[in-house]
Amino acid sequence: MNRPYHILAVGDVVGEPGLLHLEKVLRPLQKLKNISFTVVNGENASGIGLTREQAERIRCAGADAVTLGNHAFGKAQIGNLLDDAPWLLRPANYSGRAPGHGCEIFDLGGVRVRVINLIGRCGLAWGADNPFTLADRLLEREKTDFTLVDFHAEATSEKLALGYYLDGRVSALWGTHTHVPTADERIYPKGTGYITDLGMTGPIESVLGVEPRQSVENFLGGLPGRYRQPEGPCKLQGALFTLDCETGLCTAVERVDIR
């Protein structure tokens, strides 16, 4: 029987408020939407980077895979966990000398799901390997039923272009990093599910998860100091991709916003 697989991608978790909200709402959401597999971007769990404890909290909250980005190494202690935990991925196109890995295959009772974490180079990580050509090499390694790509990038053009480049070769590709959800969820012509940015998991009344007054002071030319997350209601933002096991491609994309 060809049953659909529901894949949930969750936007960047920001600070302790974002972590607490994730722990509160993720599992009920998974049950409600019959989620088969969940990927959470966790690179901002400490504001900049995440600790071993925070990574494990995201995992225990219901994430099957935790992806990172430009702040992957914001907390030095994460290096050992990156080497030890197959479920924790940093961008694959970082230097091979960096700890950890950026591509992993997970087994869902005989259904193989490949997760690839990449980082963009336009205005973000110029020293990284080319994400387009690296994706080619990663896709050649093994055959899987589904391939999911978290593309942590600044430029919307780079995200859109990679989506077209991989269309029909990956099941779903989503963008992270900007913390603002886009309204362009779609299925590309050859069957890849796509959204330019998932948004974030953290305080609603904030500037990308940061206390508004602190962010305003920064733009006024003041000294912002260490990032602070405001108290108050939070949101979990992301996208739900429905995948066809026979084709390995996407049949539906739905934005998610849980407040």
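Which residues have the most contacts inside the largest nonpolar core? They are Leu88, Leu148 and Phe241, in a core of 54 residues. A nonpolar core here is a set of buried Ala, Val, Leu, Ile, Met, Phe, Trp, Tyr and Cys residues joined through side-chain atoms within 4.5 Å. Apart from it lies another core, of 18 residues, including Val149, Val170, Leu173 and Tyr188.

A word on the source. This is a predicted model, in which local features need pLDDT of at least 70 and side-chain atom pairs count only at pLDDT 80 or more, whereas totals for chains, interfaces and linings use all residues. Residues are numbered from 1 along each chain as its sequence is written, and side-chain values use heavy atoms, with hydrogens and water left out.

Let me return to Leu148. Neighbours within four places in sequence aside, Leu148 is in contact (heavy atoms within 4.5 Å) with residues including Ile7, Phe37, Val39, Trp174 and Leu243.

Now the chain as a whole. Its secondary structure comprises six helices and 14 strands, counted as DSSP runs: H or I of at least four residues for helices, E of at least two for strands. Of the 259 residues, 56% count as buried, that is, under 20% relative accessible area with a 1.4 Å probe, protein chains only. Among contacts between residues at least 6 apart in sequence, 63% join residues at least 24 apart. Finally, the C-alpha trace spans about 55 × 40 × 35 Å along its principal axes.

Technical notes:
Buried means under 20% relative accessible area, exposed over 50%, partly exposed in between (1.4 Å probe, protein chains only).
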